[in-house]
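Subject: Model handover, with notes on cavities, a pocket and packing

Hello,

My notes follow below it.

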Amino acid sequence: MENQTFKPLGQRLIEQGVISKAQLDLALEEQKRTGDYLGEILQRLGFVTEAQLTFCLADRIGAASIKLKTVSIPSEALKLVPETFARSHRLIPVNLVNNLLTVAMVDTVDVVTIDELRRLTKCHIEVKSATHGDILKAIEKYYAEEVVDEDIEKIITEAEKISADKKEDESLAVPIIKLVEQILYRGIKMGATDIHIEPDELVMRTRYRIDGVMQQGPSFPKKLQSAIITRIKIISDLNVSESRIPQDGKTRYTIGQKKIDMRVSTLPAIFGEAIVIRILDRAKVLVGLANLGFFDKDRAIFNDLIERPNGIILVTGPTGSGKTTTLYTALGSINSLEKTVITLEDPVEYELSTIRQSQINVKAGMTFAAGLRAILRQDPDVILIGEMRDKETAEMAVRAALTGHLVFSTLHTNDAPKAIPRLVDMGITPLLISSSVIAIIAQRLVRIICEDCKVEGEPNMQLVKKFNLEERLDFSQPFYKGKGCPVCNNIGFKGRRAIFEILVMNAEISKLIINDIDPDKVRAVASQSGMRSMLDDGLVKVQAGMTTLDEVLRVVF
């Protein structure tokens, strides 16, 4: 019998249905060219998620997995393995008991590295499995924390001395460089999506948007404001001498081996230029279908929709509701080796492997409509239009859908049924809507209760009565909340998931759209066909212990 334990990684992933042979062949060709790990290449191409890869690598020898954020690594274990060795071999020591060193590794059957560890540490080695991302975070925390996470007050004192002397360009002074690095580093470390730098009359404040909610960061003396803003402009390739008009730029921050792109926007204000830095962490966008927030039934519906050969799938919701993540995840789930996938975005924020991405440039004449006309001459199977903004773009999207293309796009509406009158307002006839649109997905993002401080709690009965939820909740089941801990910055929430409503077109809804575009009537018919509203989806997630009632009602109403 063939040895099942030590089958090659690629073969095991194929047998588990994670990748196809064509995807493996492409990754192997890339490996010949670059010499990188096969697993890293498969992730980079978007064929596997980190969780899928880690499960497969660990499963080969039945190694137990470990959540590194829940353990405290002793210094005596860290001293046995140099940081450079840990980084290059994608591992970190976890514990040392007598002469047994427990090590978390990405590839748990890398016997060469295990032998090297044994010789290096003179210990017996116990191997556990962890994701590459978790290992990198742990390396940054335990090896580099003292170097990177510096005392801001001490740096401010040094910077103020430079400011008082004014003997050199302040923005190039070491303390100012360190302060800007600290602003960026802390935002990434806390999991922020945006960093706000806000000049006030007497100080300059920083705030971080974490899981959709603003949190206060450090404040800086007013005298350092100009130097800090200038430094950010320098690293973002902006005009440092221009402060009268808004500017847009970008920069990149490196933590260990992880490179994170950032989009920088400046805005003139009465107390100085305000800056917002959007953190573009690709790992947070390409999350995989399993992590979007769909329950099994809705995930099956979504899978079926993205496998359709043609039609329009619209994702609706306000800015910051996770529409981009849903769309990119959909594209990542489509086999881009067998289909041509082209996107039209403003701007392209995240690069997707094996997918052609185009960026809007209005000044050069590259509008959504012009770009879409060009895309249709590129023989696409799947098209992503960043946003339907005008009649011409919407008409061309409809034409593309009716001529055999699958089209993804977004609209800004509060719920799924209201997307229909919005399209009519843009000039699309109800008949064309019913013929081309196959589904409308509305969504919001709710914060997830921190697993490290999750405890039972009581639902807010005032809200229950206010929104008439007595009959829609099961009070015999426990409700949960987060009490706050260092892992979640004492907020009680860590991470976000989407709540959805998926309106799938059928004959009855299509007929209703043609005769009457009243969104309330559309919702009633869709509900009879099995559509669950965002509120109901959120309440199910509350009952499942994922989030709180207050959080769901905060984002829905």
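Lining residues have an atom within 4 Å of a point. Grid points are joined across faces, edges and corners, and a volume is the space filled by probe spheres set on the points.

The ground rules are these. This is a predicted model, in which local features need pLDDT of at least 70 and side-chain atom pairs count only at pLDDT 80 or more, while totals for chains, interfaces and linings use all residues. Residues are numbered from 1 along each chain as its sequence is written, and side-chain values use heavy atoms, with hydrogens and water left out.

Cavities

The whole structure holds 4 cavities of 30 Å³ or more. (Ala, Val, Leu, Ile, Met, Phe, Trp, Tyr, Cys and Pro count as nonpolar, Asp, Glu, Lys and Arg as charged, and the others, Gly among them, as polar.)

The second largest cavity has a volume of about 40 Å³. Its lining has 9 nonpolar residues, 1 polar residue and no charged residues. Among the lining residues are Ile312, Leu314, Met388, Ala394, Val398 and Ser436. β10 (311-316), α17 (391-402) and α19 (430-436) each supply at least two of the lining residues. Element names follow DSSP runs, numbered from the N terminus: helices are H or I with at least four residues, strands E with at least two.

Strand β13

α17 also belongs to a right-handed β-α-β unit, made with β13 and β14. (Right-handed: with the strands pointing away from the viewer, the path from the first strand over the helix to the second runs clockwise.) β13 spans residues 382-385 and is covered on both faces. Val382 and Leu384 are buried on one side, Ile383 and Ile385 on the other. (Buried is under 20% relative accessible area, exposed over 50%, partly exposed in between, with a 1.4 Å probe and protein chains only.)

β13 runs parallel to β11 (residues 341-345), joined by 4 bridges. Val341 stands opposite Val382. β13 also pairs in the parallel sense with β14 (residues 406-411), over 4 bridges. There, Ile383 has Val407 as its bridge partner. Pairing takes at least two DSSP bridges between the strands.

Second largest pocket

A pocket is an open set of points with protein on both sides within 12 Å along at least five of seven lines. β18 has the largest share, with 5 residues. By class, the lining has 9 nonpolar, 3 polar and 4 charged residues.

Lys297 is found in α14. Its relative accessible area is 56%, so Lys297 counts as exposed. The C-alpha atoms of Lys297 and Pro318 are 25 Å apart.

In α22 (residues 519-528), Val522, Val525 and Ala526 are buried. They sit on the same side of α22, because they cover an arc of only 100 degrees around the axis. (The arc is that of the directions from the helix axis to the C-beta atoms.) Asp520 and Gln528 are exposed on the other side of α22.

Best wishes

How values were computed. 1 Å grid on protein atoms, 1.4 Å probe; cavity = no way out; pocket = protein on both sides within 12 Å on 5 of 7 lines; lining within 4 Å.
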